Amino acid sequence: GSIGLPLPSTESKIVDLEDGVTEMAVGEAGELLIRGPQVMQGYYGMEEQTNLSLRDGWLYTGDICTMDEEGYFYVVDRKKDMIISGGFNVYPREIEEVLFKHPKIKEAVVIGVPSSTRGEAPKAFVVLKDGEELSRAEIISYCREKLASYKAPKEIEIREELPKSAVGKVLRRFLRDDESK
C-alpha cells in the first residue's frame, strides 16, 4: 500500500485536482505536491513544461494520492490516466485491481474512451490466463458487482497480450492511440 513518509527536509501536501491549491483533508484524494532540496530544478530546455510542473517551489507530481492520519501517502493513480465519466472521477487503477482479482484474468489495463453521453467511459483490455475462457458480458457483470455503475467498464477487449515497454510496463498510450484510430 503506502509509499511511506516524506524524506527529511521534504515538505509534501495533497491538493485539489481542479484548482491545484486547496489542501485536501486526510483520506481525500488529490495531487501530491513536494518540495525540498532533492526536487528537480526544471526540465532542460523545456521552459513551458517546467512552468507547469514547478509552481511556487512545489513539484506537481501528477500522482493522485491520499494521506492517512499518520502522514503516510498512498498512490491512487496518475492524474493523466484519470477518467472523467459523467462528472465523476474514475481511477483506472481501482478498476484494474478488481479485474486482477478475477481468477481467470492474467492481466488488465483500463483507459478512458470517448462517450457520447458521459464524456468518457472506462474501457478494459484484458488478457486471460492460459486455457481460460470468459466472455465480455461476464467481465462487465463481474465489475458491476464490485464497483459503482459509473466505474464499471462499458467496453471490454480481450487480447492475447498487452503492449509493454522493455521493462514490462503496460503502454497505455499505445492503447489510446489504437482507440483514436
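Predicted model: local features only at pLDDT ≥ 70, side-chain atom pairs only at ≥ 80, totals over all residues.
The protein chain holds 4 helices and 11 strands. Along the principal axes, its C-alpha atoms fill a box of roughly 50 × 40 × 35 Å. The chain has 181 residues, and 39% of them count as buried.

Next comes the empty space. Rolling a probe the size of a water molecule over the atoms shows where such space is left. The largest pocket contains about 470 Å³ of it. A total of 19 residues line this pocket, and those closest to its centre are Arg-78, Asp-81, Lys-169, Val-170 and Arg-172. Several elements contribute to the lining: strand S6 (73–78), helix H2 (92–100), strand S9 (105–115) and helix H4 (172–180) each provide at least two residues. Helix H2 gives the most, with 4 residues. What classes of residue make up this lining? There are 12 charged and 7 nonpolar residues, and no polar ones.

Over the whole structure, a search finds 1 aromatic pair. The pair is formed by Phe-88 and Tyr-150, whose ring centres are 4.2 Å apart; their planes meet at 20°, so the pair is stacked, because planes under 30 degrees apart count as stacked. Phe-88 belongs to strand S8 (residues 88–90), while Tyr-150 sits in the loop between helix H3 (136–146) and strand S11 (155–159), so the contact ties together parts that are 62 residues apart in sequence.

Another ring has a charged partner. Arg-55 lies over the face of Tyr-60, at 3.7 Å from the ring centre.

That leaves the cysteines. How many disulfides does the model contain? The count comes to 0 disulfides, where a disulfide is a pair of cysteine sulfur atoms within 2.5 Å. Cys-65 has a relative accessibility of 0% and so counts as buried. Cys-143 is buried as well, with a relative accessible area of 0%.

Note on methods
Residues numbered from 1 in each chain as written. Heavy atoms only, no water. Buried < 20%, exposed > 50% of the residue type's maximum accessible area, 1.4 Å probe, protein only. 1 Å grid on protein atoms, 1.4 Å probe; cavity = no way out; pocket = protein on both sides within 12 Å on 5 of 7 lines; lining within 4 Å. Points joined across faces, edges and corners; volume = space filled by probe spheres on them. Nonpolar A, V, L, I, M, F, W, Y, C, P; charged D, E, K, R; others polar. Phe/Tyr/Trp six-rings, centres within 6.5 Å; stacked < 30°, edge-to-face > 60°. Lys NZ or Arg CZ within 6 Å of the ring centre and 35° of its normal.
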